[in-house]
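Hi,

Here is the model I promised to pass on.

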Amino acid sequence: MQIEASLWNASWATDGGRMQISLSYAPFEARYRGFDVARCSVDKSSDMNQFSSSGSVLKQGGGEEFSEELLLKPFPDRKVLAHFHFQSRAPHSSSHGRHHHLFPKAIAQLVKKFRVKEMELSFTQGRWRYEQWGGFDPLSSNNAKPPGVELWAVFDVPQSLVDVYWRNLTHTLSGLFCASINFLESSTTYSAPELTFKPSFGNLRYGTLPREAVCTENLTPWLKLLPCRDKAGLSALMDRPSIYRGFYHSQRLRLTSSESGSDEVDSGIGLEQTLTVVLQPSSWRTGKTYSVETNIQPSWSISSIFGRNIPGKCVIAKSSNVYLHLDNGLVGELKNLERENAKYVANTFESEGFQSNHAFKISVTPDKVFEEVDYLHGKSTSVIYGFSVEKYSDSQPFDLGLTWKIPVVWSCQQAPLHASRFLMGSGNERGAIAISLESTESSEGLPTSHIIDGRCELRVDIFQVVPWYIKVYFHTLQVFVDKQPRAMADVVDKIRVSPSKDKVSPGVMEMILKLPCGSKSAAFSLEFDKGFLHIDEYPPDANQGFDIPSALISFPSFNARMNFSEDEFLNNSPILSKFQETSPVLSYTEVLLIPLTTPDFSMPYNVITITCTVFALYFGSLLNVLRRRVDEEERILRSRAGRKAGWISQLLSRLSAKLRGRPQEQPTSSLPYSFISFRLVLKILLVASIAVTWQYYFG
Amino acid sequence: MAETEVSKKRKRPIVRLAVLLLSHSVLVSVICCTAGVFGLLLLPVLAKNTYISENALMPGSASSMLSNQEVSEANKLIKELNNLHSNPLGATTESHGIIAKYMSNLGAQVNNHKFHPQLNQFHPLHFFSGPDSGVMQENSTRSLYGINTVGIIRAPRGDGKEAIVLVTPYNAVKGGVRETLSLGIAYSVFSLLTRVTWLAKDIIWLVADSQYGEYAPVAAWLRDYHTPAFSNLDSLNTETCHVGNNNFESKISYGIRRSGTMAAALVLGVAYGNENEDTLGIYAEASNGQMPNLDLINIVHYLAVHRQGLRVKVEQFHWLLNSKWVKSLGEVFESLGKMVKTLNPDWKLGISAADYVEGAATLASSLYHQALGVPTGPHGAFRDYQVDAITLEFSLRISFDRLDRRNDFLLHGGRINGLLGGITLFHF
């Protein structure tokens, strides 16, 4: 039991910034007075019983529950995905009071204070490689995020108040996660998508910080929200060096809260924390590096990729499971191999037969095997092995290993169109953004695209935010389908554009496209002018360029979901029930880097010094003039001139002589004017002939 | 007259001074000119070494040298390419296939780029050569085409916003040992870079088909990279050009693959050296005398000299090196510097005569090339897109026919790798 106090300097806590905390008075001293802390006595024995009985909802927590899960998945390019999924849920505070047992209080307060209906915050480093790691399954659709920070939130407040709540939320999150999320407070950084992002009614805000560097100081506060932190359970695997050595790293936090009035089962606050890392098993490094001969996938185990084992479950978790996911490409390939070898009958995908077959070996016997059911076409489907960590402990840690015996080559299922975005043009004045969509092989066999008015169409949504200093001309939108220019009305079903306002709001473009089904490629280009920024608006290292946040491409006519045969175990597993939810296929494009004109930053200092010098000179002479007594000086001068007439007259006579000499020369120089021009022409001719001969001999 | 006399008397000194200067304009201009020339001659004396923070380059981070394995692989590539030259028929397409195969074996994404060369790019008076210059000539050269091979390594932890370009000109028809060697170096560097984890930027390796000159393929690739043609009418990459019929060839796309914004570019070349040391030549002047960010040259110079122990030779006028009067001038400056030092030991003005001659030759060559306005290598194409680029030319003592010598030379790839590492870090 503990009492925590924290100091807040956000604008919501300081009356809009009027009553700021002055940190110069630190250290602060806090005194608690006038309340007594009474601890509820817990019956130890009943408590322990509940912990030991797995799967039962913890009544002690007042309906709160927590579960932890880890999904591992081998990728075709010799890497391994590890996806941690922690879910906590708390009933609404109005029905159960304000005390929480498992649920993080900071989050509950945040939800209550800012009336957050739904929120997602992600910290990502590296890029998700859609071509190699797939983009169709729910895992990549939900967890592949743009680099940097992405935050969106839906508020349960009137529209006029949404901006205020958003600003306060960014400040709070910034404090919670030690990140510069508070930069999203400025209206130039966030936008309010309406068409494509999510169905919303004006109370959704979306903002990204592409340049935010993500590191362990963001992970630690995120781990603090877990009841076991990283001391026990699956999160004990999170060895910082091995996580940050990975090729992709994304930590995500998603909040959903529902109205307290509704009497649904999942009313209250749901907190979903995921950490997705793509790691390279270390055996790759020691082996032969040239991939020509060594097609065999690297064998790995949890201890080899993380350097740690799972020391049993987090005792207060409702469930603690580890899954091994073999995606449908791999399973199909394995089936083919088996058919070729004719060792097994085609349908031997039973838990016993498959976990130690001729292609690979799993070191632990799985407790459960889930097979994806594909009702539409009898294609190969993915397989998930479930392992329960409950029976493992410190003395007998859980370590899952996968050993490959024969080389297998497969590819992940990709999104129907592969999106890439790039810059066109050169120079510092203008340019163009192009988004190109190219069909992948996987889209051909999918009959899910909509058929409207007898025409087969593929719906694609594009959501693009552009900062204000990239002044996009939306009327220059050009559309090419299959390399043929098309009229905009043919392809674009709906478009919503909100042009940027200088230093006030970013430009937002949302498009709903209807592409013909068989189209192989589509491209869009938008021209823009590069704007100028005020000297103090430049970020550090401005010469590197400015980031344009990723565009979000979604395919609403495709659903990234997996169907499993009905099983009561599935309902207990948040990660699998998440996979079964219907969500559109999403993919993000790359972040673009636009070089803008940047001043030489030593310039302001030069300007300051020069103006200071000029001012000093000016004031000096002005002061001189003001203090001068003109009459008196003239008198002194005259008297001095009378005395030193000889020297001055000498100088004057010399000067006049020079002047007299010039009028004598002037007529001579002006007379042969035509002669001089002739000489000039001669000179030019000479230079030109030299240049020509030079070009002839050396050019 | 009396009235003018009075006005003369009232004139302010600055006006009087101006009048004085104007009246002696010939003398003044002669004095200014001589002062300018003298200043120019004095420049090598006053030149100071640029300070580069050691921390900015993170010493030791990019120190990994090439292993024998990479060298042997590079040797294999060189041998295969050299064998092709014995039968010139079909050597072009096959060499592209071989290079592409080696690239993709390293795990890079490979594509071919087909272009029509635009000859006669340079006119000294053609300012601001933009990407749209010379488009009109395209029709006449439609039958001629060259194929560049491009490989891209994605930085493992980077976000792919930026890229560094590595260019090796290669002529598949007439390319000698020299060009295959530069390919070998680039290959060994590339293979090392596929395995390192500290890359912050993507690496693009462009094997430029230099049958139509070294500049044209690079310029064409840059143009297509930056202003792609979306519509069918004016794109030439859609033409079916499957000359090679082996299986691998057909897998390589002709569409341009992209990485992020280019941050810097290095052109690698090998020259037959006739000096008694292994040297590294740096060429930097682009069209119209534009220069890249001098930091790039400084880093390369610094890393090459201090870290890799190479002798760096920025391009020079060789006739100046042997000229008598420059030498004597250098001696004069040397003695002057010594005299100054006796007056005050804190004044460090003197440099040795040899250094002076070298500096003067470099300065003269740079002045000359900037005044001429013709780029000194394919790096000039990058300058049009505000990309810093230089050409590095390695030259060796002995000919490359002996294998051990070649291996030794390929190990130099490690030094370039060190250079590249420094550059990627510097641009981070």
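Below are my notes on what turned up, starting with the ground rules.

This is a predicted model, so please keep the thresholds in mind: local features need pLDDT of at least 70, side-chain atom pairs count only at pLDDT 80 or more, and totals for chains, interfaces and linings use all residues. Residues are numbered from 1 along each chain as its sequence is written, chains are lettered from A and ligands numbered from 1 in the order in which they are written, and side-chain values use heavy atoms, with hydrogens and water left out.

Chain B first. It has 16 helices and 8 strands; these are DSSP runs numbered from the N terminus, H or I of at least four residues for helices and E of at least two for strands. Of its 428 residues, 50% count as buried (buried is under 20% relative accessible area, exposed over 50%, partly exposed in between, with a 1.4 Å probe and protein chains only). Among the chain B contacts with a separation of 6 or more, 86% are between residues 24 or more positions apart, a contact being heavy atoms within 4.5 Å.

The unreviewed UniProt entry annotates residues 17-43 of chain B as "transmembrane region"; positions are in the numbering used here, feature names are shortened, and such annotations may be inferred rather than shown by experiment. In the model that stretch is 96% helix and 0% strand, with its end C-alpha atoms 30 Å apart.

Now the aromatics. There are 33 aromatic pairs over all chains (ring centres of Phe, Tyr or Trp, the last by its six-membered ring, within 6.5 Å; planes under 30 degrees apart are stacked, over 60 edge-to-face, the rest tilted). F66(A) and F86(A) are stacked, because their ring centres are 6.3 Å apart and their planes at 5°. F66(A) lies in strand β1 (residues 65-74) of chain A and F86(A) in strand β2 of chain A, so this pair ties together parts 20 residues apart in sequence. Both F66(A) and F86(A) are buried. W166(A) and Y190(A) make a tilted pair, at 5.3 Å centre to centre and 50° between the planes.

One aromatic cluster consists of F66(A), F84(A), F86(A), W222(A) and F306(A). W222(A) is also one of the buried residues of helix α7 (residues 216-224) of chain A. The buried residues of that helix pack against several chain A elements, including β2 (80-90), α6 (159-177) and β8 (269-279).

Two charges over rings are worth a look (NZ of Lys or CZ of Arg within 6 Å of the ring centre and within 35 degrees of the ring normal). The charged end of R258(B) sits over the ring of F422(A), 3.8 Å from its centre. In chain B, K114(B) does this over Y145(B), at 4.3 Å from the ring centre.

Last, strand β14 (residues 401-404) of chain A runs antiparallel to β9 (residues 300-301) of chain A, with 2 bridges (pairing takes at least two DSSP bridges). S301(A) stands opposite G401(A) there. Strand β11 (residues 360-362) of chain A also pairs with β14(A) in the antiparallel sense, over 3 bridges, and puts I362(A) opposite L402(A).

Cheers
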